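Let's take a friendly walk through this structure together. Please have the sequence and the 3D view ready.

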Amino acid sequence: MIPSLLCYFAGSLIGSSSEIPEGSSKNVTLMFIERTSGLGRTNADETHVGWIEVVCGSMFSGKTEELIRRINRALIARQKVEIFKPSIDTRYHIEDVVSHNSASVRSRPVTHARDILEIVGSCDIVAIDEAQFFDAEVVEVCNELANRGKRVIIAGLDMDSEGKPFGPMPALMAVAEYVTKVQAICVVCGELANYSFRKVATPGQVLLGETDSYEARCRRHFLEGRKQQ
Ligand SMILES: [Zn+2]
């Protein structure tokens, strides 16, 4: 069987037909179904090459939940997983990747992305959360890990609170085999939200440990909110 055929997205329709304007494309939510071949091969003759998955979106979009979902499924398959995050991310527990709904898995904070190459060991899967806080070197590191035969799963904010591409995320999305963009819900109107709106207008890209300072907003309400600041 061809391994690349084993990875696909399972789709399901959401919303009633009355919500879908005639002639528009239907609103489809997709669940990522991982490919299961290629990892943990024992046949030395087979080329052992991994791949990169990126899960990105705004704050409150469920990125970390999606990362944890994939990790949990890998653990059920008895694959060895190592989880990393930048040590700059001090929210919640230092050793855990914790999603907003408090599901958590153990993780290792690292100062530089290249540290991952040193300590990763013989695992099948390398997961990286809050990848937007790493510098550009993380792209090379993820490629190297995938080239070594590992499945690399990356979660991170695709845009900062000014609506600009965040750190290494655009480059990670470019080199990834699979990109999943998840969306939050706009707190103003209930539409799908792509933006992390910072309620307090302060300069700089990141406010750490202050999720209360942000809310998810759609394009329209992100722009309106920014004008009012
Ligand atoms: Zn809105």
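Val126 stands opposite Val152 in E9. This is a predicted model, in which local features need pLDDT of at least 70, side-chain atom pairs count only at pLDDT 80 or more, and totals for chains, interfaces and linings use all residues. Residues are numbered from 1 along each chain as its sequence is written.

Strand E9 covers residues 151-157 and runs parallel to E8, joined to E8 by four bridges. Two strands count as paired if DSSP finds at least two bridges between them.

## The whole sheet

Stepping back, E8 and E9 belong to an open sheet of six parallel strands, in the order E7-E4-E8-E9-E3-E10. At the edges are strand E7 (108-110) and strand E10 (178-182), each pairing on one side only. From one strand to the next, the twist averages 20°.

What covers E3, and on which faces? Both faces of E3 are covered, with Trp51, Glu53, Val55 and Gly57 buried on one side and Ile52, Val54 and Cys56 buried on the other. A residue is buried if 20 or more other C-beta atoms, placed from the backbone, lie within 10 Å of its own, exposed if 12 or fewer do, and partly exposed in between.

E3 pairs with E9 in the parallel sense over seven bridges, and Val55 stands opposite Ala155 in E9. With E10, E3 pairs in the parallel sense over five bridges; there, the bridge partner of Cys56 is Lys181 in E10.

## Helices on the sheet

Helix H1 (residues 63-76) lies across strand E3 (51-57), strand E4 (81-86), E8, E9 and E10, and runs at about 160° to E9. Helix H3 (residues 137-147) packs on the sheet too, touching E3, E8 and E9, with its direction at about 155° to that of E9. Angles run from 0 to 180 degrees between N-to-C directions, using axes fitted to C-alpha atoms, for helices over the stretch in contact. Contact requires C-beta atoms, placed from the backbone, to lie within 7 Å.

## A cysteine in a loop

Finally, look at Cys123, in the loop between helix H2 (114-119) and strand E8 (125-128). Cys123 counts as partly exposed because it has 17 C-beta neighbours inside 10 Å.

Leaving aside residues up to four places away in sequence, Cys123 touches Lys80, Val81, Glu82 and Lys150. Cys123 and Val81 are 42 residues apart along the chain, while their C-alpha atoms are separated by 5.7 Å.

Conventions:
Helices (H or I, at least four residues) and strands (E, at least two) are DSSP runs, numbered from the N terminus. Two residues are in contact if their C-beta atoms, placed from the backbone, lie within 7 Å.
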